[in-house]
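Me: Can you walk me through this one? I'd like to go helix by helix, then look at a couple of single residues.

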Amino acid sequence: MPELRTDRLLLRRWRESDLEPWAAMNADPAVREHLGAPLTREQSDASVARFQDDFDERGYGWWAVEVRATGEFIGFAGLDEVEDDMPFTGVEVGWRLARPFWGHGYATEAGRAALAFGFGTLGLPGILAVTTVGNLRSQAVMRRLGMTRDPAEDFDDPTVPEGPLRRNVVYRISRGEESRES
């Protein structure tokens with residue numbers, strides 16, 4: 001599994017020591033605001049096992065993210081195949097950070113690294129990102145990454161019950177567009 005390095009971040013394989021801070025993130029209602037109910041420790045640990053399996057199977061997925069200067073785990077970022085029950089296909093870029101690390105540009109930095117890997121190493125022609133219509137912070141990161149939204153692609157997530165998390169937006173970027181600064 002490749003590691004990705006940026007000026008400030010290391011995107012790397014998950015470690016046992018990541019499980020506790022990852023579970024704390026997944027139990028934080030602010031972190032989960034646009035994702036659904038907080039996760040139990042068991043659900044959180046199971047997600048890491050799935051992330052590792054995806055990497056072993058495909059060679060990419062959700063990396064653990066740490067701050068290089070301190071070695072502190074701050075969340076995850078990476079690429080994942082769109083679930084079969086979505087109204088579109090492709091590879092999605094995403095991120096999730098612990099609340100103390102919001103607002104420092106880490107999501108954008110990690111997203112850029114994941115896009116570069118997707119386009120440069122995997123040779124993907126395009127990458128998308130999905131979030132709830134109300135998740136304005138993530139949408140701002142998507143725009144900073146050079147991604148654009150076509151409102152015609154907005155959709156109701158079939159896996160989410162009626163409510164504020166059901167309506168989602170899709171942002172996209174094609175190979176060659178990721179180098180432009182937004």
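Me: What do the buried residues of helix 2 pack against?
Reply: They pack against helix 1 (19-26), strand 3 (62-67) and strand 4 (73-81). Helices (H or I, at least four residues) and strands (E, at least two) are DSSP runs numbered from the N terminus, and contact means heavy atoms within 4.5 Å. One caveat: this is a predicted model, where local features need pLDDT of at least 70 and side-chain atom pairs count only at pLDDT 80 or more, while totals for chains, interfaces and linings use all residues. Residues are numbered from 1 along each chain as its sequence is written, and side-chain values use heavy atoms, with hydrogens and water left out.

Me: Which residues of helix 2 are buried?
Reply: Ser 44, Ser 47, Val 48, Phe 51, Gln 52 and Phe 55. They cover an arc of only 135° around the axis, so they sit on the same side of helix 2. Buried is under 20% relative accessible area, exposed is over 50% and partly exposed is in between, using a 1.4 Å probe and protein chains only. The arc is that of the directions from the helix axis to the C-beta atoms.

Me: And what's exposed on the face turned away from the buried side?
Reply: Glu 42, Asp 56 and Glu 57.

Me: How far apart are the end C-alpha atoms of helix 2?
Reply: 26 Å, which agrees with the 26 Å that its 18 residues (41-58) should span at 1.5 Å a residue. The expected span is 1.5 Å times one less than the number of residues. Just after helix 2, Gly 59 has a positive phi of about 90°.

Me: OK, helix 1. At what angle does its axis cross that of helix 2?
Reply: Roughly 120°, and the two axes come within 9 Å. Helix 1 and helix 2 are therefore oblique to each other. For the cut-offs, under 35 degrees is roughly parallel, over 145 roughly antiparallel, 65 to 115 roughly perpendicular, and the rest oblique. Axes are lines fitted to C-alpha atoms, for helices over the stretch in contact, and angles run from 0 to 180 degrees between N-to-C directions.

Me: Which residues meet there?
Reply: From helix 1, Leu 19, Glu 20, Trp 22, Ala 23 and Asn 26; from helix 2, Arg 41, Ser 44, Asp 45, Ser 47, Val 48 and Phe 51.

Me: Which residues of helix 1 are buried?
Reply: Leu 19, Trp 22, Ala 23, Met 25 and Asn 26. Seen down the axis, the buried residues of helix 1 fall within an arc of 155°, so they line one face of the helix. Their cover includes helix 2, strand 4 and strand 5 (91-97).

Me: How many residues of helix 3 are buried?
Reply: 12 of 16, so helix 3 is mostly covered. Among them are Tyr 106, Leu 115, Phe 117 and Phe 119. Gly 123 follows helix 3 with a positive phi, near 70°.
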